[in-house]
Each structure stands twice: as structure tokens, then as C-alpha cells.
Amino acid sequence: MHNHTYIIAEMSANHCGDKKLAKEIIKTAKEIGADAVKLQTYTADTMTIDCNKPEFKISDPKSLWYGETLYALYQKAYTPWEWQKDLKEYADEIGIELFSTPFDKTAVDFLETLNVKYYKIASFEAIDIPLIEYTAAKGKPMIISTGICSKEEIHEAVDACKRMGNNDITLLKCTSSYPAPLENMNVLTIPDMIQEFGVKVGLSDHSMNIEPVIAAVALGAKVIEKHFTLDRALGGADAGFSLNTQEFKEMVQAVRNTEKVLGKISYEINPSERKGARSLYAVKDIKKGEAFAEDNVRSIRPSNGLHPRYYKDILGKKATQDIEFGTPLTFNNIE
């Protein structure tokens, strides 16, 4: 489909450390119409260091993870690497794409062994040019979230891919707050990004709503990424900004409906709709030779008579025959 938006269900930590639940998420994502499921491939050690200094703790009281060290959070939230081959094979078997976000070179090397189709670079890694170069060099399509990047840094990321001979790049507009407030989404940036960077653009949406997704698709987004959980009550580090099964299903349907609504540029007229339009009718009996006047000709519904544009032209002209009340006028009626 020309305007098919690629919808990614982000599993992230929503498997809650349970491989069976991870498979259930993949299966459900397929059933509710997602095109792909995305994992994250890291360990606490590839992400950060085990350090208790204040800057290694989450200090924002509003954060879902307030007070935790980064290391402890990543230890809890990561997807075990030994699951990932099995999850990829399961996804292939049921017919849904499964790929991942690598956070360092070892993750890229590991994901290459799984033969993933795409690579995703997370917002906070989008400024890590060596990682982008290493990943882009594998020649797979690149999807890059831009949540914390300046315009200059986005250009640097795009240029890094191109330097490696990789021009298949999708940038995701992203607000790196979890969950993201609607007033911070600024999806109007999407058409500007398309023009500015000359690549495909989508939306990585951490809000709890589907309106940003619909607006993004209407503005030209080609990829939508949204966190997905079977049920927020299951917990998991990302549950607080993930859509549940019903919500995700409704979002997919809303995207597909939006695609239909967008359609194509068209000024075509549907003839069946046109039938109800106005046209010129005799609204009194008119004798042969009698002049057409405001009291015997009107523009009324339906559309069987002459176009209303001729109304002024025929006033004062004469009837070529008797015309009965309720007859549509044609050029044959008029001298």
C-alpha cells in the first residue's frame, strides 16, 4: 500500500523478565495489527557503570524510576540476550518482523547473528556517532529517534549513516519524557524534518494518547513506534507509558483509518453524490414563445437540468415548446 504506515510495538522491559510473556507480547502485537516488535539489546554494563555517585541516580522526583541507580534499573529492565534468538525465530514463524535497538558494538555484532532486518538507535544514543557509524555500516535500514538532539546533531547522525554508504534512514520525532505531555509533542516539526533532512520521518510516541499518532500520520509520518504491554497492571519498567492491548489495537485502526481519509490528491466528482446538486427547472407551466423569467425558472435540487451558471443567460430568452411545471431545462427548450 502506497501510504502504509509502519507500526512498531516497542516491548522494551514490558516482558517483566518472563520469556513466556515476551512471546505473548509478540503474538498479540501480530494479532492487533502491528508490523513489527522491537526489543532492546543491552546489559547494565554496556549501558553504564555500577556507581552510586549522585549523577548515576535518577534524581527527578516525577520520574517513574526516582531514586534508582541507572545500573540497577538496567539490570532489572534488560531483555536477556539468550532469549533473543528464540524470540526472533518465533516472530519469523508467526509472520511479524522483530528487530532491536543496540546500545553498543557488541550488541550490533550479536544482532547481526540474528539477521535482524533493521536497526533502531535510541534518542540518548543518537549523539553517539561512532555507534551510529558502526551500526549503519551493516547496510540495514536505520531508524533513529531524535528526542534529545539539536538540529545540528540530527544532521551529524544522518551524515554518519551516509558516510557509511547507508542512505536508508528514518528519523523519529520524539519527546523524551515518560510519559510525554501532549503540549510537548510538537508534531508540526515532522514536515519540517522531511524537508530539512531529506529522509523518511516518523514518530516515537511516549504519550498515553493516540492523537499524536493520528496527527503525525496526517503530517507525513511513515513510521510509528509506541510502547506496548499486554496489561499495565503487570508492571515492568515501561508499563507507565505503554498502551495496553485494546488501546494499541484502537491506535492501529485509527492509523489505518487516517490513511484512508488522507487518500490522494483528487478533484474527482462522484456522479452518485452529484445527483443531489442544484440545476435549472421550470417552476411554472411555460407556453411556447413565453419568456423565461425569475418567476418561472429557478435553481433547485435535483441536478437533471442545466447548470445554474446559465441562469442569467437564459432570462429573457423564449421557450421553443410548451414546458410543464417541474421539467428540467435543457438547451433544446431555449431559443
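How many salt bridges does the count come to? A salt bridge is a side-chain nitrogen of Lys or Arg within 4 Å of a carboxyl oxygen of Asp or Glu. By this rule, there are 19 salt bridges. The structure is a predicted model, in which local features need pLDDT of at least 70 and side-chain atom pairs count only at pLDDT 80 or more, while totals for chains, interfaces and linings use all residues. Residues are numbered from 1 along each chain as its sequence is written, and side-chain values use heavy atoms, with hydrogens and water left out.

Lys151 belongs to helix α7, and Glu196 to helix α8 (residues 189-197). The two residues are 45 apart, and the pair links distant parts of the chain. Helices (H or I, at least four residues) and strands (E, at least two) are DSSP runs, numbered from the N terminus. Lys151 is partly exposed, with a relative accessible area of 47%. Glu196 is also partly exposed, at 31%. Here buried means under 20% relative accessible area, exposed means over 50%, and partly exposed lies in between (1.4 Å probe, protein chains only).

A salt bridge also joins Lys200 and Asp168 (3.0 Å, N to O). Lys200 lies in strand β7 and Asp168 in the loop between α7 and β6, so the pair ties together parts that are 32 residues apart in sequence. Lys200 is partly exposed at 39% relative accessibility. Asp168 is partly exposed at 33%.

The side chains of Asp205 and Lys226 meet at 2.5 Å, N to O, in another salt bridge. This pair links strand β7 to strand β8 (residues 223-227), across 21 residues. Both Asp205 and Lys226 are buried. Elsewhere, salt bridges that share partners join Lys19, Lys23 and Asp86 into one network.

Strand β6 (residues 169-174) is mostly covered, with six of its six residues buried. In a regular strand the side chains alternate between the two faces of the sheet. Both faces of β6 are covered. Ile169, Leu171 and Lys173 are buried on one side, and Thr170, Leu172 and Cys174 on the other.

Two strands pair if DSSP finds at least two bridges between them. Strand β5 (residues 142-145) runs parallel to β6, and four bridges join them. Ile144 has Leu171 as its bridge partner in β6. From β5 the chain crosses through helix α7 (residues 151-163) to β6, in a right-handed β-α-β crossover. Right-handed means that, with the strands pointing away from the viewer, the path from the first strand over the helix to the second runs clockwise. Strand β7 (residues 200-205) also pairs with β6 in the parallel sense, over five bridges. Thr170 stands opposite Lys200 in β7.

Seven aromatic pairs are found in a search of the whole structure. Rings of Phe, Tyr and Trp (its six-membered ring) pair if their centres lie within 6.5 Å; planes under 30 degrees apart count as stacked, over 60 as edge-to-face and the rest as tilted. Tyr6 and Tyr118 form an edge-to-face pair, 5.6 Å centre to centre with 75° between the planes. Tyr6 lies in strand β1 (residues 6-10) and Tyr118 in the loop between α5 (105-114) and β4 (119-121), so the pair ties together parts that are 112 residues apart in sequence. Tyr6 and Tyr118 are both buried. With Phe99, they form one aromatic cluster.
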